[in-house]
Amino acid sequence: MRLSLPVNADEGFPQSFRLRFGDRLYWIELYVNADEETVSAGGVLDLLGTGPFLVVAVAREDPAGLVPLVRRKVVRDLPCPAGELELTFHEARVHVRNLNGAGGFGSTVLAGVGPR
């Protein structure tokens with residue numbers, strides 16, 4: 001079973017949300033790594049190309065607290081194992097105005113999640 005990750009790019013980055021998958025809860029965090037020159041140029045950043053990139057971090061909620069599973073640079077269509085999950089990112093285009101800011105500026109992040 002593959003599901004779409006509930007990323008709302010218009011909410012801006014960094015971004016985090018809880019995800020229930022099966023009988024477990026996970027925290028997903030996404031943030032953009034880009035240098036100041038790139039951000040100053042403005043426009044939409046292709047975060048799955050060369051240059052600026054998207055980072056994903058996943059932690060599982062356990063009774064004793066959060067258990068970190070992965071923190072890594074996202075690569076287009078390359079499965080990202082995170083404990084019992086596997087995430088795959090197909091598109092990540094973020095307008096610089098969505099870096100630390102919300103709004104409809106044409107940003108899109110398309111990703112799926114399934115069992116590993």
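The term pLDDT denotes the predictor's confidence in each residue, from 0 to 100. The views below show a predicted model, in which local features need pLDDT of at least 70, side-chain atom pairs count only at pLDDT 80 or more, and totals for chains, interfaces and linings use all residues. Residues are numbered from 1 along each chain as its sequence is written, and side-chain values use heavy atoms, with hydrogens and water left out.

**Figure 1. Confidence along the protein chain.** The mean pLDDT of the protein chain is 96, and 99% of the residues score at least 70. Confidence is lowest in strand 1 (residues 3–4), with a mean of 92, and highest in strand 5, at 98. Strands (E, at least two residues) are DSSP runs, numbered from the N terminus.

Figure 2. Two strands are taken to pair if DSSP finds at least two bridges between them. Strand 3 is joined to strand 5 (residues 53–62) by eight bridges, the two running antiparallel. Tyr31 stands opposite Val55 of strand 5.

**Figure 3. The hairpin of strand 2 and strand 3.** Seven bridges pair strand 2 with strand 3 (residues 24–33) in the antiparallel sense. Two residues lie between these strands, and Gly22 in the turn has a positive phi of about 65°. Leu19 faces Tyr26 of strand 3.

Figure 4. Buried means under 20% relative accessible area, exposed over 50%, and partly exposed in between (1.4 Å probe, protein chains only).

Figure 5. His90 is partly exposed because its relative accessible area is 40%. Beyond its neighbours within four places in sequence, His90 is in contact (heavy atoms within 4.5 Å) with Leu48, Arg76, Asp77, Leu110, Ala111 and Gly112. The C-alpha atoms of His90 and Ser4 are 11 Å apart in space, although the two residues are 86 residues apart in sequence.

Definitions and conventions:
Helices (H or I, at least four residues) and strands (E, at least two) are DSSP runs, numbered from the N terminus.
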